[in-house]
Amino acid sequence: MKLKNKIKDLKRLKSGLYEKDFLLTWEKNENDIKVILKVAEILKQMREENISPKVFDSGLAVSIFRDNSTRTRFSYASAANLLGLEIQDMDEKKSQIAHGETVRETANMISFLTDFIGIRDDLFLGEGNKYMREVGEALDEGYKNGILPTRPGIVNLQCDMDHPTQSLADLLHLKNEYGSLEKLKGKKLVMSWAYSPSYGKPLSVPQGIIALMSRFGMDIELAYPEGYELIPEIVEIAKKNSKKSGGSFKISHSMKEAVKDADIVYPKSWAPFHIMEERTELLKKSDKIGLEKLEKQCLTENAKFKDWEYNEEKMKLTKKGKALYMHCLPADISGVSCQEGEVDGDTFEKFRLKTYQEAGYKPYIIAAIMFTNRFKNPGKTLKRILEKGEKRKG
Amino acid sequence: MKLKNKIKDLKRLKSGLYEKDFLLTWEKNENDIKVILKVAEILKQMREENISPKVFDSGLAVSIFRDNSTRTRFSYASAANLLGLEIQDMDEKKSQIAHGETVRETANMISFLTDFIGIRDDLFLGEGNKYMREVGEALDEGYKNGILPTRPGIVNLQCDMDHPTQSLADLLHLKNEYGSLEKLKGKKLVMSWAYSPSYGKPLSVPQGIIALMSRFGMDIELAYPEGYELIPEIVEIAKKNSKKSGGSFKISHSMKEAVKDADIVYPKSWAPFHIMEERTELLKKSDKIGLEKLEKQCLTENAKFKDWEYNEEKMKLTKKGKALYMHCLPADISGVSCQEGEVDGDTFEKFRLKTYQEAGYKPYIIAAIMFTNRFKNPGKTLKRILEKGEKRKG
Amino acid sequence: MKLKNKIKDLKRLKSGLYEKDFLLTWEKNENDIKVILKVAEILKQMREENISPKVFDSGLAVSIFRDNSTRTRFSYASAANLLGLEIQDMDEKKSQIAHGETVRETANMISFLTDFIGIRDDLFLGEGNKYMREVGEALDEGYKNGILPTRPGIVNLQCDMDHPTQSLADLLHLKNEYGSLEKLKGKKLVMSWAYSPSYGKPLSVPQGIIALMSRFGMDIELAYPEGYELIPEIVEIAKKNSKKSGGSFKISHSMKEAVKDADIVYPKSWAPFHIMEERTELLKKSDKIGLEKLEKQCLTENAKFKDWEYNEEKMKLTKKGKALYMHCLPADISGVSCQEGEVDGDTFEKFRLKTYQEAGYKPYIIAAIMFTNRFKNPGKTLKRILEKGEKRKG
């Protein structure tokens, strides 16, 4: 579709994203979600057509990574750069759980000429999202008291509850695979736990997926071995969303059973909820011995479920034997990146390029989140950009 | 005041800042100081009115941090970005005292397309400022011999002698608190040592404050426990400045006595001069055991002066019980960031937002230093920017 | 010469650089080399005349440094910034030899909005260049399958085989020293091993120098103690080039003999070939004890050749006693950066500023590599830039 028409479509949607932080998809209404997707698509196409959507002449996009990241780091950097902002990393010791005056002060000190703060803080249950809100309150105070010329927007780059830039990129991938959001209705999506030899993976991806995808009338099945529950409140949100959107939501405890007739499978490891809770407590107390013991316990636990590998055999059980495989990457691939893992080598290979494509939406999702936070009428601004036709290269 | 009028005011001032490094405020005359403040104010207002003062289409602003920094790092990055330069960090091992050919060569190697080198080197008495001048001489040589297309300017981001971007931000804060530089005349400013449980804090902030504030007719009182002297030559400068500007300068040894009737108090810890001297010698010899012994000795020494805390009781003694509290941040706040520190929690809280505001001038002070170094007639250039009216956002 | 005329000269040359990686100079034909030099000169002069050749409105230039670097890092950053790209560092553990799926995936993940990937990977024989090609294949796959909107270009910032941005900067230095490439004909260039107290220096500089300089009719003499051979295939290339260009190529084993009547000397340490091969094997096996033993053995070996120092005595033997001294920096300077090294202090001092100048071409060589990779007709694009006359500063 032509950019002109996409922008027309966008102008029909009213959103409440202006000057709001993006912390959890379930705090946003359906129009907000649609606007993000549409703006992301437009920005992607502009870049492909060599049109520069640079809307900032200067300004910083600060990033705070309290956990390692390559994909999201580059996505955030690319998004900021596309719009004209410069990345500035805020380098904290990643295991620190800093709160109080330090957070309040630092939030202001790094924001005098800053438009966005992107935060990844996904290691401790009950902490990451809380931290983002603390930063937000500090920025509110600074802005209201004339310390900050503008209120920087916060972009959740993964917390303990949600990973919105991932789930929205995944949603845009699905939209493009099936042609429209409407066509997702009635599709069966299985979000399944999968075995991994590593420890302590966040719960935010499965939580983000079930909470977002349940809004589009899909039949969601969440499968995991008993003990690997997600945060109950978020599961409740997914249930309600499913009901409201005319889909269904089901929890089960066998990957093999779950994938039957699935249209879409998302096999991904995560740590058991209770382990993550204990871990947070031990970390607060800096109990090293306790933490080591817990890690061993968790890995022993995990090892019981090595058959939770997505593979050829399981794929055959899906709809026509060719369900769409999804992953946020990097996947633990049996025989490739580990001995036994989330997915076998042959199955992954079939969808490898699709997973790259899936990841490729993230920079634009982040750019769209930034764009809609800063421009009240994104359609109007994008129209002006299109008409101006500034080249990205050349 | 309107930008147009501020720029008119600026044009009346003649400065000698063009193509000169900014290393010590006392190497600059009064007009230079006024120009920096005025340009900083104009740049701040431009940013607030969404006018972009981007004067560089490309170019690097290198930073060399030989000590940790968050505030100054972000201020420098913001300033550079506002004017169109890209930050490039020069990552050295911070404890190294490199001199000679390495400095000379490196200074040129990082400067081929560089407009500024910002340096923080505040750990060793007699070293930091010397290092900056060594870099400067290397750049002079490179420029004169056609190796560098332009001579990058050096910005002192804190050395062993001065912290000019801090003291100038503080001065701008005072100017705005009282309405004008003229209104600072006759005000009593107390720069007081304060207790801190940490060790080895640089002397550059108190030195910078007394050397700069003494130029505006204030009654400066420098208070510290005996043994915590500052560099004598800089104290002399402050004395002379006070005399010349019609103010006064006094040294005393009780915080409680000093703050009586003060208009402004700046309670801040620093290490004893002789300890810093010994430390530099031990570091040159890499004498680890000696350094550990010295640290213990210093902390024991410090602990004798825990009553040098600025608090409610002392605040009551100041002018009308409401002297303006200043700090370069982060402060050691009793009961907040440490058990016993420079200031108590309640007193700090009363001025917390004011200290954020104080810090908020720093990016613009740095930008003004850059601007006046590169543009011979800053008023003219700013007028052109205003007339062009390029938007920062949108 | 005026920019206008230089651009006219450039337009006469046809190159095959468009959309090709720059990995080895010997994969490029003579016209390619000439175009790079010419574009580099034009960009340098534009910068000196305050004309901005910014051709990108946004876009990333990723850097992957698997070995330390200051000079090349800043050169790459300056080049990217000059053209409008923002640097984004890809931070790997430097000793890792990652291959396979990780490389393939990562290459795509960092490239969604990326124009260039600059790679330094020079530590392991048989690995660095191979790695770059692996990255290249992954990018090809991503681009062909619509995952990447453009195929990022790869810039070899030093591998185990070649250091093209260094050798091309060196060539541009020689061109400027002698007036033209034609005037290099018949000049004697000695690429000589030199003693250094350090261990494991890459072979890529001497290899890059002999393979490139042999294309311009010079008499190349490669001198080293027996056992310090270079990769045989690259020596063969140098021999063939010499024959074709009407020059000569000779290997000898005495620095003193070699420098006789030399016009140009390039005394530089490198590790023995067989040591580098053993080292790569030991590193693959993570054999720490073996590596330590090898290092000792190598240093003992090196120490036998301390008389391979370039100094006043040897300089007297060169053409008129004043051969041009070259070095990629930093040099191991006897009595300055080490006790006994590659060159004595007095001799180095005579050419110190010349070596800085030599280094100063590198940012423009890199910018030229980027420019010619992205613009099919660089002359036409540069003409447009000149006519537009956008200022870099002001």
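Reader: In what order do the five strands of the open sheet of chain A stand?

Author: The model under discussion is a predicted one. In chain A, five strands form an open sheet with parallel pairing. Their order in that sheet is 7-6-5-8-9.

Reader: What angle does the direction of helix 8 of chain A make with that of strand 7 of chain A?

Author: Strand 6 (residues 219-223) of chain A pairs with strand 7 of chain A in the parallel sense, over five bridges. Within this pairing, D219(A) is placed opposite S248(A) of strand 7. Helix 8 (residues 232-245) of chain A packs on the sheet and touches both strand 6 and strand 7 of chain A. The angle between the directions of helix 8 and strand 7 of chain A is about 140°.

Reader: Which peptide bond of chain A is cis, with omega about -5°?

Author: The proline concerned is P330(A), located in the loop between strand 9 and strand 10 (333-334) of chain A. In chain C, the peptide bond from L329(C) to P330(C) is also cis, with omega near -5°. In chain A, the cis bond joins L329(A) and P330(A).

Reader: What value does phi of S286(A) take?

Author: S286(A) is situated in the loop between helix 10 (273-284) and helix 11 (288-303) of chain A. Its phi is positive although the residue is not glycine, and the value is near 50°.

Reader: Which three residues of chain A supply 25% of the area that chain A buries against chain C?

Author: The contact involves 34 residues of chain A and 30 residues of chain C. Together the two chains bury about 2900 Å², with 56% of that area on carbon and sulfur atoms. The three residues of chain A that supply 25% of its buried area, more than any other three, are F74(A), Y356(A) and R392(A).

Reader: Which element gives the most to the side of chain A that touches chain C?

Author: The interface of chain A and chain C holds six salt bridges by the rule, and K54(A) and D57(C) form a salt bridge at 3.9 Å, N to O. There are also 15 residue pairs in polar contact across this interface. Among the elements that give two or more residues to the side of chain A are helix 2 (30-48) and helix 3 (71-83) of chain A. The element that gives the most, with eight residues, is helix 13 of chain A.

Reader: How many residue pairs are in polar contact across the interface of chain B and chain A?

Author: This interface takes 34 residues from chain B and 30 residues from chain A. The rule finds six salt bridges across it, and E349(B) and R104(A) form a salt bridge at 3.4 Å, N to O. The number of residue pairs in polar contact, both at pLDDT 80 or more, is 14.

Key:
Residues are numbered from 1 along each chain as its sequence is written. Chains are lettered from A and ligands numbered from 1 in the order in which they are written. This is a predicted model: local features need pLDDT of at least 70, side-chain atom pairs count only at pLDDT 80 or more; totals for chains, interfaces and linings use all residues. Side-chain values use heavy atoms; hydrogens and water are left out. Two strands pair if DSSP finds at least two bridges between them. Helices (H or I, at least four residues) and strands (E, at least two) are DSSP runs, numbered from the N terminus. Contact means heavy atoms within 4.5 Å. Axes are lines fitted to C-alpha atoms, for helices over the stretch in contact, and angles run from 0 to 180 degrees between N-to-C directions. Buried area is the accessible area (1.4 Å probe) that two parts lose on being put together, summed over both. A salt bridge is a side-chain nitrogen of Lys or Arg within 4 Å of a carboxyl oxygen of Asp or Glu. A polar contact is a pair of N or O atoms within 3.5 Å; within protein, one must be able to donate a hydrogen and the other to accept it, and residues adjacent in sequence count only if both atoms are side-chain atoms.
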